[in-house]
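Student: I would like a close look at a single part of this model, namely how its parts meet. Please treat it in one connected account.

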Amino acid sequence: MPIMLAKVNTNNVPDSAGRWRAGEIVQAFTDDHEFGNAEVPEAGNFYHVGITDKTLEEVQTYLQGWNHNPTTTQVSNQGNNRLLEVTSDMVSATGKNAFTQAGVDSLITRVNTDYPTADASYDSHTNSTFRINVTVPIGNRDELIKIINDEVRDMQYARRRWYITQAGMTFLGNNGGTVSGTAAQVAGYLRDGLLD
Amino acid sequence: MAVVTKTLKTSGGDYSSQVTWESTEQTNLVTDGDSHILEVGTSGSFESFTGNFTISGWTTSATNNITIRAVAGAEHNGVPQGGSGQGSRFYSTNYVCNMSAVDIVIEDMEMETNGASVTGIRHLSGSGKEAYIERCIVGRSGTNGGEYSILFSSSGVGSVRNCLVIDHSTAAKSDGIYYEAVGTGVCENNTVNVNNNYGVKTTNTNVTAKNVVSLGDTTNDWSGTFNASSTNNASGDSTAKGSSPVTGVVLTDGTDFTEPSTGDYSPVASGALDGAGDNSVGGNDIAGVAHNDPPEIGCYALAAAGGLSIPQIIAMTRKPNTPLITM
């Protein structure tokens, strides 16, 4: 039975994508794992959530960071001057992790650092897509797209995409910080941030 | 200023995972007035800790910084994966140590990734942030590859000294050490053996390389324009940077290295690397043994004559509590 460790409290650091927040699933272990002194529920740092009908491998999905997952396509070109569109499926229904002008500008700076001859420039953006102009011969286009995708994938919104809901945190707090159940039972207390 | 020390062990420590450590101890070290040390492993043992490991969201400075180091007596002694009987390793199929906007020192650790298209150690962003990697073994343990073993992309300091960087993956474009953007880049007494693409690469001129050997790469062993004070570097091809370059170094067992086919990159007496370094740098080698004068090129000091292998000599002579270099 895998045991997932969830943060009890939000850390007292300036707000950023790297800040750990209450309810985020930090790590998962097998039930024979020997925890450190600061990792047991009594230490007050983590709640322990056991999933009785899943394997450790199957619960790894709840450890996924909330980064972009980009797909880049060419919209049009005039010779080596190309208009590329980047789409991410990691933007929530209400716009969490949405692309911003500042974010796209920062990414363009990094792309131009990695690939100076691309001369990338801003065209437009929506919550889940943006378009940039680049200059690259066809033979190097895929190499540049890989660089762009890598940079977009690095844009982080939160440490974890999944989290324990407030109702789940309250239940855990009232039960000594440790619960276990089937995936169906626990699912009511687990939330995918993309649905927010 | 207080020094907060936590332990990471497979049994009986504060933490059993580097990921849970980071998520719990993440703090503002500047307003706390502290520095933070994570001591990894158990003296006399080899312990490996698996996890996709990121350090970010902290507030640090050059003095209020983070140190991750093997606990005394659990250093790798220059031999990977517990081959010397002890060691402290981080392993991941993703980033093994992905650092963003932190000031950090990593000492005597082994860092391995087997991820596809991911970097092993990466230090990103953060104006003026400093990263020092000392006496570490960094690389890939499998055939997956792509990206870099070590990447610096911060405007502060990126320093690698007395480290062994190995990437024998068959995937294309796996670089060894890449200084993408640094205010000050330091590359001293490292041994870099990377199969694909570049061994040591920079895209700015703020990187000074001394006594570094890079070889085995399919593209170039060295790439970019290094600081003019770079000197006494070596390569298998003709690309070694700086003054007094040594070229044509070979991986043949017993010629320039003792037995690279089995992972022993210690220099051979009277080989191309023996005493070929610049003596403006030196200190202790990857196993904590003093470099000779003049020093060797690469991360290993030449062992005294006597017929024993380098790892055996190191294991017998290294004192467990020998003070470590601090920057």
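Tutor: In this predicted model, domain 1 of chain A and domain 2 of chain A bury about 320 Å² between them, and carbon and sulfur atoms account for 63% of that area. The domain assignment places residues 2-65 together with 159-195 in domain 1 of chain A, and residues 70-153 in domain 2 of chain A. Between the C-alpha centres of domain 1 of chain A and domain 2 of chain A the distance is 34 Å. Four residues of domain 1 of chain A and five residues of domain 2 of chain A make up the contact.

The polar side of this interface can be described next. Between domain 1 of chain A and domain 2 of chain A, zero salt bridges are found. One residue pair in polar contact is counted between domain 1 of chain A and domain 2 of chain A, with both residues at pLDDT 80 or more. Sorted by class, the residues with which domain 1 of chain A touches domain 2 of chain A are one nonpolar, two polar and one charged.

The interface between the chains can be described in the like terms. The size of an interface is often given as the accessible area lost when the parts come together. For chain A and chain B, the buried area is about 2100 Å², with 40% of it coming from carbon and sulfur atoms. Here 29 residues of chain A are in contact with 31 residues of chain B. Four salt bridges are found across the interface of chain A and chain B. A salt bridge joins the side chains of A:Arg159 and B:Glu22, with an N to O distance of 2.8 Å. The interface of chain A and chain B also holds 18 residue pairs in polar contact, again with both residues at pLDDT 80 or more.

Cysteine pairing remains to be considered. Over all chains, a search of the whole structure finds zero disulfides. B:Cys136 is in no disulfide, and the nearest cysteine sulfur to that of B:Cys136 belongs to B:Cys163, 4.9 Å away. Likewise, B:Cys163 is in no disulfide, its nearest cysteine sulfur being that of B:Cys136 at 4.9 Å. A disulfide requires the two sulfur atoms to lie within 2.5 Å. B:Cys136 counts as buried because its relative accessibility is 0%, and B:Cys163 counts as buried because its relative accessibility is 0%.

Methods: Residues are numbered from 1 along each chain as its sequence is written. Chains are lettered from A and ligands numbered from 1 in the order in which they are written. This is a predicted model: local features need pLDDT of at least 70, side-chain atom pairs count only at pLDDT 80 or more; totals for chains, interfaces and linings use all residues. Side-chain values use heavy atoms; hydrogens and water are left out. Buried means under 20% relative accessible area, exposed over 50%, partly exposed in between (1.4 Å probe, protein chains only). Domain bounds come from an automatic or database domain assignment. Contact means heavy atoms within 4.5 Å. Buried area is the accessible area (1.4 Å probe) that two parts lose on being put together, summed over both. A polar contact is a pair of N or O atoms within 3.5 Å; within protein, one must be able to donate a hydrogen and the other to accept it, and residues adjacent in sequence count only if both atoms are side-chain atoms. Ala, Val, Leu, Ile, Met, Phe, Trp, Tyr, Cys and Pro count as nonpolar, Asp, Glu, Lys and Arg as charged, and the others, Gly among them, as polar.
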